[in-house]
Amino acid sequence: MPGIDRERLRRIAAPTQEQAIFLTIIEELLAAGRIRATGIWLHLPGHSVTLLGHEEKLWIKIRPLLAISAYQPPRVRDIAHALNIEEQAVRSLLYRLARTGELFQVAHDHFFIRTAVTDLAMIARQLAEQDRLSAAAFRDRIDTGRKLAIQILEFFDRIGYTRRTRDTHKLRNADLLAGPIVVS
């Protein structure tokens with residue numbers, strides 16, 4: 001695993017601590033170099049997840065397929081078919097890359113590159129600020145189908161970026177994915 005996200009760490013290490021105080025402590029540890037952040041993941045300075053040589057070569061082939069249509073990436077089976085590779089080999093690599101923070105598994109067979117998730121989060125944030133973050137408004141804004149738009153919004157709910165309230169979603173942790181994900 002690449003590390004642990006801030007909220008999960010708070011729930012495990014200091015569940016009674018106020019979130020603002022806990023986040024201040026995390027920022028101080030980051031500034032002091034005692035911990036590092038890779039995307040949304042916190043970890044010790046020497047920790048990293050790396051790919052093996054054959055995985056790196058396969059990733060070089062897969063990444064452009066995910067980037068072509070970043071808001072509607074191909075499913076795992078479609079990638080495997082396009083590259084004439086076993087579906088399980090593609091799935092295993094994508095799971096591993098999701099653990100590095102390079103990809104996000106938004107739905108069962110949908111993996112999104114990091115920049116696409118950041119962009120989608122900004123769109124969700126803009127819609128939420130206008131009190132218009134519904135599946136329909138989000139779908140129209142990203143020009144995708146309803147099912148995928150709902151899967152993306154459910155992903156944001158799962159990771160704590162948004163919270164579903166009846167038929168709309170509200171920002172829960174606007175700083176989680178709102179800006180560029182910086183690797184330090």
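Predicted model: local features only at pLDDT ≥ 70, side-chain atom pairs only at ≥ 80, totals over all residues.

Trainee: Where is Arg 10 found?

Mentor: Arg 10 is part of helix α1, residues 6-13. Helices here are DSSP runs of H or I with at least four residues, strands are E runs of at least two, and both are numbered from the N terminus.

Trainee: And does Arg 10 count as buried or exposed?

Mentor: Arg 10 counts as buried, because its relative accessibility is 14%. Buried means under 20% relative accessible area, exposed means over 50%, and partly exposed is in between (1.4 Å probe, protein chains only).

Trainee: OK, zooming out. How many helices and strands does the protein chain have?

Mentor: Eight helices and seven strands. Of the 184 residues, 41% count as buried. The C-alpha trace spans about 50 × 40 × 25 Å along its principal axes.

Trainee: New topic: aromatic rings. How many pairs are there?

Mentor: Rings of Phe, Tyr and Trp (its six-membered ring) pair if their centres lie within 6.5 Å; planes under 30 degrees apart are stacked, over 60 edge-to-face, and the rest tilted. The count by this rule is four aromatic pairs. Take Tyr 95 and Phe 111: their ring centres are 5.7 Å apart and their planes are at 70°, so that pair is edge-to-face.

Trainee: Which parts does that pair tie together?

Mentor: Tyr 95 lies in helix α5 (residues 87-100) and Phe 111 in strand β5 (residues 110-113), so the pair ties together parts 16 residues apart in sequence. Tyr 95 counts as partly exposed, at 29% relative accessibility, while Phe 111 is buried, with a relative accessible area of 1%.

Trainee: What about Phe 155 and Phe 156, what kind of pair do they form?

Mentor: A tilted one: Phe 155 and Phe 156 are 5.7 Å centre to centre, with 45° between the planes. Both of these residues are buried.

Trainee: Which residues do ring pairs link into a cluster?

Mentor: Phe 104, Phe 155, Phe 156 and Tyr 161 are linked that way.

Conventions: Residues numbered from 1 in each chain as written. Heavy atoms only, no water.
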